[in-house]
Amino acid sequence: MSSSHRGINDNEPSCAFSPDNGVAAMAACYQRFDPAAYLQYNYTPPRADFERKDSIVPWKLACLHRAFTEGDVSGEVLVDIGSGPTLYQVLSACEVFNKVLLTDFLEVNRQELRRWLQDEGGCNMDWTPYLQHVCKLEGRRPSAWMEKAAKLRQAIADILPVDVHSPQPLAPDALPSGGADCLVSCFCLESVSPDLPAFTRALGHIGRLLRPSGHLLLIGALGESYYFGGPGVKIPVVPLNEGQVCDSLKESGFTLIRLEVYTLPQDMRVGVDDVTGVFFAKQRITLN
Ligand SMILES: C[S@@+](CC[C@H](N)C(=O)[O-])C[C@H]1O[C@@H](n2cnc3c(N)ncnc32)[C@H](O)[C@@H]1O
């Protein structure tokens, strides 16, 4: 199958796909990814409205909080795959894991994360309301957010390049020889893969980073065919349904523990993508 994916004005193709160049075309698309715009589109109200129970970001934070407090996910090393310029996905994890590795394909995103880590200003996002919200979920005063920020800075051991399309997504010496205890990955695999088989292969690649019986917490888009990674940067996405997510996980050696689905309310459909829902999947690796 051959198709082209066009930019916001529908004149300039963002990516041109053929059967052989899908992964390379995706990598080319990402060269124009704009972290500040992406954060603005997805991590401000209405998508991040902490006063609303049906806002997407509080839903994601609640899923992660629950997963990390059930008691079965534990160990020393957690890796977040395709962190992008965001930190929300490791706010609960840093209470359980002493060593958190953030990863992204793009230097601009790794730079954004380093700016927060170094705490010297210049960040495109203020994560304070996120830290406060997760403190509340943990039964702490919102004013404990500074302690939480300090804990997260201490836990982040490195910010590394990653490529989920490589059979070895991280540098060979990035992890302990036994593998990571847990992986988190949010909105990465479906937004960087040219098609469903590539998505499933990428799941298999990241699964190899886990120790036997290690956990994967996967959050992703349902029914999405594109999102904007910046003004005019239209990035194609593999449109997934719940059944496809479950089949791909099974094929890649994972045993599903829980799948939760969120349907986007009409007013969260703000024109930066065509996502209709979000899944949260908790699983452990059985074959690796
Ligand atoms: C939709 S963003 C998700 C960012 C963040 N995890 C979140 O929850 O908002 C997809 C991320 O995948 C990264 N990416 C692009 N190509 C990749 C690849 N081949 N391997 C791993 N990550 C990749 C992008 O740089 C981007 O940060």
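Buried means under 20% relative accessible area, exposed over 50% and partly exposed in between, with a 1.4 Å probe and protein chains only. Ala 144 is a buried case, with a relative accessible area of 3%.

1. **Basis.** This is a predicted model: local features need pLDDT of at least 70, side-chain atom pairs count only at pLDDT 80 or more, and totals for chains, interfaces and linings use all residues. Residues are numbered from 1 along each chain as its sequence is written, and side-chain values use heavy atoms, with hydrogens and water left out.

2. **Overall fold.** The protein has nine helices and 11 strands. Both are DSSP runs numbered from the N terminus: helices are H or I with at least four residues, strands are E with at least two. The radius of gyration is 18 Å, close to the 19 Å of the globule rule for 288 residues, so the protein is as compact as a globular protein of that length. That radius is taken over C-alpha atoms, and the rule is 2.2 Å times the number of residues to the power 0.38. The C-alpha trace spans about 50 × 40 × 35 Å along its principal axes.

3. Buried residues make up 54% of the 288 residues. A contact means heavy atoms within 4.5 Å. Of the contacts with a separation of 6 or more, 71% join residues 24 or more positions apart.

4. **Largest pocket.** A pocket is an open set of points on a 1 Å grid over the protein atoms alone, with protein on both sides within 12 Å along at least five of seven lines; a cavity is a set where a 1.4 Å probe fits but cannot get out; lining residues have an atom within 4 Å of a point. Points are joined across faces, edges and corners, and a volume is the space filled by probe spheres set on them. The largest pocket has a volume of about 410 Å³. Its lining has 30 residues, with Tyr 30, Gly 82, Asp 104, Cys 188 and Val 192 nearest the centre. Helices α1 (22–30) and α7 (189–192) each supply at least two lining residues. The most come from α1, with five. By class, the lining has 19 nonpolar, eight polar and three charged residues. Nonpolar here covers Ala, Val, Leu, Ile, Met, Phe, Trp, Tyr, Cys and Pro; charged covers Asp, Glu, Lys and Arg; the others, Gly among them, are polar.

5. **Cavity.** There is one cavity of 30 Å³ or more. About 170 Å³ of space lies in the largest cavity. Its lining has 14 residues, and Tyr 38, Asn 42, Arg 47, Phe 187 and Asp 273 are the closest to its centre. Two or more lining residues come from each of α2 (35–42) and α3 (56–69). The lining of the largest cavity has eight nonpolar, two polar and four charged residues.

6. **Annotated site.** UniProt, in an unreviewed entry, places "binding site" at Tyr 38, Tyr 43, Gly 82, Ser 83, Tyr 88, Asp 104, Asn 109, Asp 163 and Val 164. These span 127 residues in sequence, and the farthest two C-alpha atoms are 23.9 Å apart, so they do not all gather at one spot. From this set, the lining of the largest cavity takes in Tyr 38 and Tyr 43. UniProt positions follow the numbering used here, feature names are shortened, and annotations may be inferred rather than shown by experiment.

7. **The two tyrosines.** Tyr 38 is in helix α2 and is buried at 12%. Not counting residues up to four places away in sequence, Tyr 38 touches Tyr 43, Thr 86 and Phe 228, among others. Tyr 43 sits in the loop between α2 and α3 and is buried at 4%. With the same exclusion of residues up to four places away, its contacts include Tyr 38, Thr 86, Tyr 88 and Phe 187.

8. **Backbone points to check.** Most residues other than glycine have a negative phi, and most peptide bonds are trans. A cis peptide bond joins Pro 45 and Pro 46, with omega about 10°. Pro 46 lies in the loop between α2 and α3. Phe 187 has a positive phi, near 55°. Phe 187 is in the loop between β6 (180–186) and α7 and is buried at 17%. Ser 213 also has a positive phi, near 65°. Ser 213 lies in strand β7 (residues 210–222) and is partly exposed at 39%.
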